[in-house]
Amino acid sequence: MDTFDLLTRELLQLKAQLPDTPFLIGGGMGISLRSEYHDSDRSPRYKRPVPTRSTKDLDVILSAEVIADASQMDRIRDALDDLGYEATTEYFQFARDIGDSGHQVEIDLLTAPPSDEHADAVKQSGIRARPRESEGIHGRVAEEAQSIDRNAIPVDLSAAADRHGFDLEDPTIYIPSSFNYLILKLHAFSDRKDDADADHGRHHAMDIFTTVTDMSKSDWQDAVQHFKEECEEDYLQAAIGIQQRHFADEDDLGILRIQENEVYRRYEAEFYEYLPNVVGDLNELFSGC
């Protein structure tokens, strides 16, 4: 079983434990799920889909409503316990070994920032947040995930559930919209561009390239509306600044990091032709506020 199938099975187990708890899957796994299971019309300018990168973790993203709901968070904690996960960073990063395979799966719990209306129900300390009535479970607050539920994309995993022997009433998993992915990845690149241990953000830059080239017409329309309605919010203003500093011109650092990525180099002759359009699309999406 390859890593993607292994993570898909783990995700299905988590879904089986939490059938009524809303969450999204971000990171590299979310991009892989979209590539494998979500059909959408690609722009004719970007004919070759970008091969997805491998990952060993599940980024589970919670909304502001969930992080304020003690019953939901308690269910997540109990589900992780039942599945054999142990906290590696208390209490928002968890891991477990998969049998004798030598593989380890990691789950990171991220959350949108608590909203003002839920402030009294949430205890936040630095990057950590949890319901005041819950113990042993936190979410790592990502300010850039403020509108993470907006235009979330449903991914039907019924075929994967059948293959792995899961009988789920609703095998639908949600991933962030393309525009939310761009926002998340712009922030991730900015945080890691100078970090050698994180490959100077090259895979985050490549995720931005992948997301732009995979956008459908409806993805684009949703992005335009999202930007129009929320561009003055702090989290989006920060993303605009990162895009303008690092992804607005072909000699900007973010675009250079894309070209240094191993996947890009594998298809360099073709992907080089995409770069001007990708830069133009990013400029169009993140300007005009």
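The legends below describe close-up views of a predicted model.

**View 1. Strand 5 and its pairing with strand 2.** Strand 5 covers residues 103–111, and strand 2 covers residues 57–62. The two strands pair in the parallel sense, over six bridges. One of the residue pairs to look for is L58 with its bridge partner in strand 5, I107.

**View 2. Strand 5 and its pairing with strand 4.** Strand 4 is made of residues 93–98 and runs antiparallel to strand 5. Six bridges join strand 4 to strand 5. Q93 has D108 of strand 5 as its bridge partner.

**View 3. Strand 5 and its pairing with strand 8.** Strand 8 spans residues 139–141. Strand 5 and strand 8 run parallel and are joined by two bridges. Here L110 stands opposite R140 of strand 8. In a regular strand, side chains alternate between the two faces of the sheet.

**View 4. E169 in its loop.** The loop that holds E169 lies between helix 5 (158–164) and strand 10 (172–175). E169 counts as exposed because its relative accessibility is 85%, and the cut-off for exposed is over 50%.

**View 5. Helix 6 within the structure.** Helix 6 has 15 residues, 178–192. From its first C-alpha to its last it reaches 21 Å, close to the 21 Å expected at 1.5 Å a residue. The buried residues are S178, F179, N180, Y181, L182, I183, L184, K185, L186, H187, A188 and F189. An α-helix has 3.6 residues a turn, so residues three or four places apart point the same way.

**View 6. Helix 6 against helix 7.** Two packed helices are described by the angle between their axes and the distance between the axes. Helix 7 covers residues 202–213, and its axis comes within 8 Å of the axis of helix 6. The axes cross at roughly 160°, which means that helix 6 is roughly antiparallel to helix 7. The crossing of the two helices is left-handed. On the helix 6 side, the residues that meet helix 7 are S178, Y181, L182, K185, L186, A188, F189 and R192. On the helix 7 side, they meet H204, A205, D207, I208, T211 and V212.

How values were computed:
Residues numbered from 1 in each chain as written. Predicted model: local features only at pLDDT ≥ 70, side-chain atom pairs only at ≥ 80, totals over all residues. Heavy atoms only, no water. Pairing = 2+ DSSP bridges. Helix = DSSP H or I, 4+ residues; strand = E, 2+ residues; numbered from the N terminus. Buried < 20%, exposed > 50% of the residue type's maximum accessible area, 1.4 Å probe, protein only. Expected span 1.5 Å × (residues − 1). Axes fitted to C-alpha atoms, helices over the stretch in contact; angles between N-to-C directions. Parallel < 35°, antiparallel > 145°, perpendicular 65-115°, else oblique. Left-handed = near helix turned anticlockwise from the far one by under 90°. Contact = heavy atoms within 4.5 Å.
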